[in-house]
Amino acid sequence: MFIVRWLIALLVVMGLSFGFQVTVSAQGCNGSRLRVPTDCSTIQRAVDAANSGATIIIRPGTYRENVEIRNKRRITLEAERARNNRPVIVQGRGFARGPIFEINNSTDVTFENAFVIKSGTVGFEINNSRQIEFDHGDNENMIIEENEGTGMVIQGGSVTGRGVLFRNNGMGGEGWVMEVRDAAIVNMSNSLVTAHPNGGVLVTGGATFQFIDTEMSESPGPGILAQGSNVQLTNTIVDQYEQAGIILEMSVGVFVGGTISANGAEGILATESEVGIDGTTVTMHPTNGIVMRMSSGQFDGVIITENQGQGILVEESELSLSNGEISGNLNNGVLLTDSTITGGSGAVIKENGERGIDAINSNFSLSMTTVSDHPLDGIRLQNGNGTLNNNSIVQNNNEFGLLVTESNLTLGPSTVAMNGKDGVNLRASTATIVESMIDANGTMDDTSVGVRGTESSTLDMSTSQVTNHPDDGVQMTDSTATIQDSTIMSNGKDGLRLTRSSAVVGNSMVDANGMNDATSVGIRATENSSLDMSNSQVTNHPDDGVHLENSTATIAGSTINDNGNRGIYLENSSMTSNTTEVFNQPNDGIQLENSSADMNQVTSLNNGGRGIGANMSTMTMIDSNTTDNGNDGIELILSSLNGTNLQITDNGNRGIHGADSGAVINTATVSGHPNQGILLERSSLGMTTVQILMNGSRGLEAIDSSTTAGENTQIEDNGSDGVNLTNSSFNATTTLIKNNQGFGVIAKDSTLTLITSEVSGHPQDGVNLTNSAANLRDAAVQQNQGHGLQAVDSAAITVVNTALLDNGQNGLMLSRSAAALSGSFVNNNTVGVQLMDRSSASLVDTTVQSNSSDGINIQTGTIDFSGGSVIDNGGHGIIATMRSSLAIVDANISNNNSDGIHLEQAALAIRNSMVQNNNGFGIFADEQSVGSGQGNTVSGNSPDLSDNLTTIN
């Protein structure tokens, strides 16, 4: 439209240059309607004659004069409309003669219809005048052109214009299209400013200038220079100035709609100014689109595109940015230095030549903003504060999504996705990430992670997702992280990696990471890192769920399952774990190497290896459970365990295996294993209130100098021996060893102590000793199908206040062994006490009663019997053969079914004893036997004495 009007005006001017003459009326120059040249020969005369309210009608033509309007009110200068739309041309009488129109101290002066103002010092000079109006129709323009200096100078007052065409002013080499000074107020609309050898519009001295629906273009200077003034452009084009499109210095600029394009420097340059931009396009400048220095701005719906520097350069300024698009600029979309940017609702920053936003010593707070498709970072923040929220998106940038250095970042809810390197990279910085998606970054670099923190950074992430990165999900080095209610999933390597760092993880899911590396784990902590995890799940990783090296961990209320190797692995580390489940690992549930663990209410079950394996480590376990694991429930190698209230059940090998280790267990159940319930090698075990039940092999096996102490312990229904000792020791108090399918206790080269304990119901011996020592006190060895107590090549066997009862073979069986019984009962066995092969026994205050065969049977042995009874046995009370010897004092040998004492090649010394009422001889001795006695009672036997022992009494 502007170009059409310009062409029409040009044709009119050309038409008027041929042979036009002016005829002046003979009537006087006065009245309210004055015609030029009919009533008044010149415009000046008409103006001088015009009173308030007058209209001056000027016939189309060319008028060579300089017109001054001074001290006038309410006058109108109207260009008469001719049939061919010829204009009124007012042409100065030479550049030196001054303005074409000079308006001084006037009010309400109106120019209507088509004027051409040209060839003066300036076109218009308006001084201290108000309500000066240029009003032209849709097909007409006032044309101000080819003046020596400025097209229009306005100093003070107010001017309104519509349809004004400014062109080719400043012919003398200086001047502007317009100069607006000294608090003047100017409003121009539907105008055209073009082709000036100097600048566009100068606004200074507190003036206010407004262009509406105007086009400005093609001048060597700036489009608009505002100094200490106000400028408003609405739907205006500022185009192809050789300097900046708009320069604001200590001014206010408001730009609505329109385009600022292809100027020779910045589109807008604001210094110590206030700028408001709404729906404006700033494009194709050789430097920056917009520059803000020590200024403030509010941009809404701005399109800043294809500039050869920064889209927006902000220095020591404040900017509010909403909606709009910043794209295709050669450098950064937005470059902030010592500045602040806020807003951002709906803004798109994309496809710029470097970064989307580069903030240095600056702050930003943006919402609903998209930053995408940059060859470098989406956003770089250095030494500042940044907030990105309300569903903002940072994506498809070739380097980092957000690179944050020595700064504070708040992110969320937002999305950081498909950037070439890390999604968020923190360096000596702090980040708070809330309700955000960090997804599929690392498209250009397979070492990229979702969130990386280094150099003492701090991460606080909640209700967010970190997914699909080629390397780790979250990686912290020399830094700190808090991760709550979040998901770290499907990353190429570790879910969370800590190096010399600490992390708090709560109510989170770490799942299925390690797609690109079979050695990946869910959470990895190394080099003095610390992990505090609660109410979280770590699952489906190709290697360990949680992997610690030289680090510490607290794990509570969590689930670690279905990982490809171990659930938890500690190396040179320590862990405290509460209410945690570790299950369905193909290898160990928990493995410790040179580490320590304090576990409370921990369950390790259904793992393919050990429930818990410890090597050179220390463990404390309370209220914990290892069940249904493929190998041992707990394995200790050069390690220690202190456990209370444990359930160690149904594992695939042994319940507990200790090698060169030590363990203390209180209130535990060890049951249902196909091999030993407990196997000790060169180890020690203390047990209190422990049940070792229904294991497929031995209940407890101790070898190679192992030591075991048990109290209130039950070893029952195991598939082989209850206790099997080799070169080891077992000390049990108030212990029940019952119904095991082999020996109750079998000891070789070992030491056994049973206090107030019971060994019963076994198909073989209750206690079987080989080259071992035993101490039984207040115990019961009963109802075993073999011997109650059998000792071979053993010594230091002490049996005190103990019952050897109801065993299927002998109560006490000694072979090349020695035993001392005191206050004990040997009842209801086949033979009560049998000594063979140079064995010896001392029985004090002991009762040997109701055994189905002999009470005491000695073959090549020695026995001292004092203060006890041998009564009611089914065979001899005592039988000694093969050079055996007996010493009996204060004893009662009565009511036995055969001889009270039977000697064959034996020696007897008896005194103060009773031998009576036996069904055989009281004492029988063959000819090779010897005997002596004193103070004995031998009576009621049948007969009382054999013939060669008549002096035994």
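This is a predicted model: local features need pLDDT of at least 70, side-chain atom pairs count only at pLDDT 80 or more; totals for chains, interfaces and linings use all residues.
Local features need pLDDT of at least 70 and side-chain atom pairs count only at pLDDT 80 or more, while totals for chains, interfaces and linings use all residues. Residues are numbered from 1 along each chain as its sequence is written, and side-chain values use heavy atoms, with hydrogens and water left out.

Strands are described first. Strands (E, at least two residues) and helices (H or I, at least four) are DSSP runs, numbered from the N terminus. Two strands pair if DSSP finds at least two bridges between them. Strand 97 covers residues 856-866 and pairs with strand 95 (residues 833-844) in the parallel sense, over ten bridges. Here Gln834 stands opposite Asn857 of strand 97. Strand 97 also pairs with strand 99 (residues 878-881), again in the parallel sense, over four bridges. Asn857 faces Ile879 of strand 99 in this pairing. Strand 100 (residues 885-889) runs parallel to strand 97 and is joined to it by five bridges. Thr862 stands opposite Ser885 of strand 100.

Strand 69 (residues 612-615) has buried residues on both sides. Buried means under 20% relative accessible area, exposed means over 50%, and partly exposed lies in between (1.4 Å probe, protein chains only). Ile612 and Ala614 point one way, and Gly613 and Asn615 point the other way. Strand 67 (residues 590-593) runs parallel to strand 69 and is joined to it by four bridges. Ile590 stands opposite Ile612. Four bridges also join strand 69 to strand 71 (residues 634-637), and these two run parallel. The bridge partner of Ile612 in strand 71 is Ile634.

Two single residues were then examined. Gly156 is found in strand 12 (residues 152-162). Gly156 counts as buried because its relative accessibility is 4%. Contact means heavy atoms within 4.5 Å. Not counting residues up to four places away in sequence, Gly156 touches Asn128, Ser129, Arg181, Asp182, Ala183 and Ala184. The C-alpha atoms of Gly156 and Gly868 are separated by 138 Å, and the two residues are 712 residues apart along the chain.

Phe364 is found in strand 39 (residues 363-367). Its relative accessible area is 3%, so Phe364 is buried. Leaving aside neighbours within four places in sequence, its contacts include Leu336, Ile341, Ile379, Leu381 and Leu409. Leu388 is also in contact with Phe364.

A nonpolar core is a set of buried Ala, Val, Leu, Ile, Met, Phe, Trp, Tyr and Cys residues joined through side-chain atoms within 4.5 Å. The largest has 206 residues, of which Leu77 and Met178 touch the most other members. Residues touched by Met178, not counting those up to four places away in sequence, include Met152, Ile154, Phe166, Phe209 and Phe211. A second, separate core has ten residues, among them Trp176, Ile247, Leu269 and Leu313.

A cavity is a set of points on a 1 Å grid, over the protein atoms alone, where a 1.4 Å probe fits but cannot get out. Two cavities of 30 Å³ or more are found in the whole structure. Lining residues have an atom within 4 Å of a point. Those of the second largest cavity include Leu636, Ile656, Ala663, Leu680 and Leu685.

Technical notes
On a 1 Å grid over the protein atoms alone, a cavity is a set of points where a 1.4 Å probe fits but cannot get out, and a pocket is an open set with protein on both sides within 12 Å along at least five of seven lines; lining residues have an atom within 4 Å of a point. Grid points are joined across faces, edges and corners, and a volume is the space filled by probe spheres set on the points.
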